[in-house]
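Morning, everyone. Please bring up the structure, and I will walk through it.

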Amino acid sequence: MLSYIDEKMSLFMYGIYPSEEYWRPNLLLAIMLAFVFIVRFLKYQVYKNKATLMLFIIYPLIAFFLLYGNDFLGIKVVETNQWGVV
């Protein structure tokens with residue numbers, strides 16, 4: 001059972017997202033964890049409020065442009081049908 005999970009881990013994590021572009025979802029996960037860390041563990045309320053605002057408003061925009069891509073930014077476009085398991 002464990003060898004099956006090891007073999008299919010990239011399918012579980014990324015679906016059919018192109019393997020050469022795995023850095024994009026990994027970067028988004030790191031950004032989200034940084035925001036959550038700031039909101040959870042920082043003791044200054046001003047920074048918590050700003051980080052919460054960024055997590056719910058700015059992060060989804062960053063996520064879309066990073067996952068989908070943009071020719072203007074030089075990031076290869078990955079169609080949405082390649083984001084998950086079909």
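**Salt bridges, a pocket and a patch**

Arginine 24 counts as buried, because its relative accessibility is 0%. Buried means under 20% relative accessible area, exposed over 50%, and partly exposed in between, with a 1.4 Å probe and protein chains only.

A word on the source. This is a predicted model: local features need pLDDT of at least 70, side-chain atom pairs count only at pLDDT 80 or more, and totals for chains, interfaces and linings use all residues. Residues are numbered from 1 along each chain as its sequence is written, and side-chain values use heavy atoms, with hydrogens and water left out.

Back to arginine 24. Which side chain does arginine 24 meet in a salt bridge? The partner is glutamate 21, at 2.7 Å, N to O. A salt bridge here is a side-chain nitrogen of Lys or Arg within 4 Å of a carboxyl oxygen of Asp or Glu. Glutamate 21 counts as buried too, because its relative accessibility is 10%.

How many salt bridges does a search of the whole structure find? Two. Helix names follow DSSP runs (H or I, at least four residues; strands are E, at least two), numbered from the N terminus. Lysine 76 is partly exposed, because its relative accessibility is 42%. In general, side chains of opposite charge can pair when their charged atoms come close.

Stay in the segment after α4. Glutamine 82 is found there. Glutamine 82 is partly exposed, because its relative accessible area is 31%.

Now the pocket. The largest pocket has a volume of about 220 Å³. On a 1 Å grid over the protein atoms alone, a pocket is an open set of points with protein on both sides within 12 Å along at least five of seven lines; lining residues have an atom within 4 Å of a point. Volume is the space filled by probe spheres set on the points, which are joined across faces, edges and corners.

Which elements each supply at least two residues of that lining? They are α2 (9-14), α3 (23-41) and α4. The largest share, four residues, comes from α3. By class, the lining has ten nonpolar, two polar and no charged residues. Ala, Val, Leu, Ile, Met, Phe, Trp, Tyr, Cys and Pro count as nonpolar, Asp, Glu, Lys and Arg as charged, and the others, Gly among them, as polar.

The lining residues include Tyr14, Leu29, Tyr59 and Trp83. Tyrosine 14 is in helix α2. It is buried, because its relative accessibility is 15%. The C-alpha atoms of tyrosine 14 and leucine 29 are separated by 12 Å.

Last, the surface. Leu53, Met54, Phe56, Ile57, Ile58 and Ile62 form a nonpolar patch, with about 560 Å² of accessible area together. Patch residues have over 30% relative accessible area and no salt bridge; nonpolar side chains (Val, Leu, Ile, Met, Phe, Trp, Tyr) are joined within 5 Å, like charges within 9 Å. Areas come from the Shrake-Rupley method with a 1.4 Å probe; for residues, only the protein chains shown count as cover. Methionine 54 lies in helix α4 (residues 45-68). Methionine 54 is partly exposed, because its relative accessibility is 32%.

Note on methods
1 Å grid on protein atoms, 1.4 Å probe; cavity = no way out; pocket = protein on both sides within 12 Å on 5 of 7 lines; lining within 4 Å.
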